[in-house]
Amino acid sequence: MTPLTIHLNDEAATLDLGARLAASLKPGLYIALRGDLGTGKTTLVRGLLRALGHHGAVKSPSYSLVEPYALPGFEFNHFDLYRFRDDSEWHDSGFGDYFGPDSVCAVEWPEKASALLPDADIDIALTVEADGRGARIVANTAAGQRCITQWGTGGDAR
Ligand SMILES: Nc1ncnc2c1ncn2[C@@H]1O[C@H](COP(=O)(O)OP(=O)(O)OP(=O)(O)O)[C@@H](O)[C@H]1O
Ligand SMILES: [Mg+2]
């Protein structure tokens, strides 16, 4: 697919992108969230979880590396692999078990464990721009494509 490029003016726009993604999420999807420190990956997950009815805090799981959320329709697993070390940690922690047809996973810093992770259904890369952030979104699977197509043309895609 042609990458979808969206400009996010402020934090509210990043939260809104998460909310739009939430509206078309289906169990089984895995979303890779790329981008340097502080580009808005956790903010996007926060917007997504709020839109799905989660009222508590959403903090990046910097030390536990994964935070599961039991949502009404499916389990949502939020990974932050910035401090991920090696394959043994992956296997010892049973991280592979978090992925499957009944859960949704969003992974910050997927490149830290790229050999262990499945192919992402949706790849979102965030960058710092002079006036906010840029989001570059690519679907790699039919399921990811369906999710993105449902977003419609809302927002300021350019
Ligand atoms: N579109 C935006 N424009 C300006 N600031 C934003 C935007 N989206 C998020 N931010 C701000 O960027 C900061 C960092 O956000 P966040 O913690 O989500 O980044 P992150 O990519 O998860 O970082 P890390 O890699 O450290 O986990 C926050 O202060 C947030 O409010
Ligand atoms: Mg983060």
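## Helix α1

Helix α1 covers residues 11-23 and holds 13 residues. From first C-alpha to last it reaches 19 Å, close to the 18 Å expected at 1.5 Å a residue. That expected span is 1.5 Å times one less than the number of residues. Helices (H or I, at least four residues) and strands (E, at least two) are DSSP runs, numbered from the N terminus.

The buried residues of α1 are Thr14, Leu15, Leu17, Gly18, Leu21 and Ala22. They fall within an arc of 155° seen down the helix axis, so they line one face. The arc is that of the directions from the axis to the C-beta atoms. Buried means 20 or more other C-beta atoms within 10 Å of a residue's own, with C-beta atoms placed from the backbone. The cover over these residues includes β1, α2 (41-51) and β7.

## Model and numbering

This is a predicted model: local features need pLDDT of at least 70, side-chain atom pairs count only at pLDDT 80 or more, and totals for chains, interfaces and linings use all residues. Residues are numbered from 1 along each chain as its sequence is written, while chains are lettered from A and ligands numbered from 1 in the order written.

## Strands around β7

Strand β7 (residues 132-139) runs antiparallel to β1 (residues 4-8), joined by 5 bridges. Strands pair if DSSP finds at least two bridges between them. Leu4 stands opposite Ile137 in β7.

Strand β6 (residues 122-129) is also antiparallel to β7, with 8 bridges. Val128 has Arg133 of β7 as its bridge partner. The two strands β6 and β7 form a hairpin with 2 residues between them.

## Whole protein

The protein has 4 helices and 7 strands. Of its 158 residues, 34% count as buried.

Methods
Buried ≥ 20, exposed ≤ 12 C-beta atoms within 10 Å, placed from the backbone. Contact = placed C-beta atoms within 7 Å.
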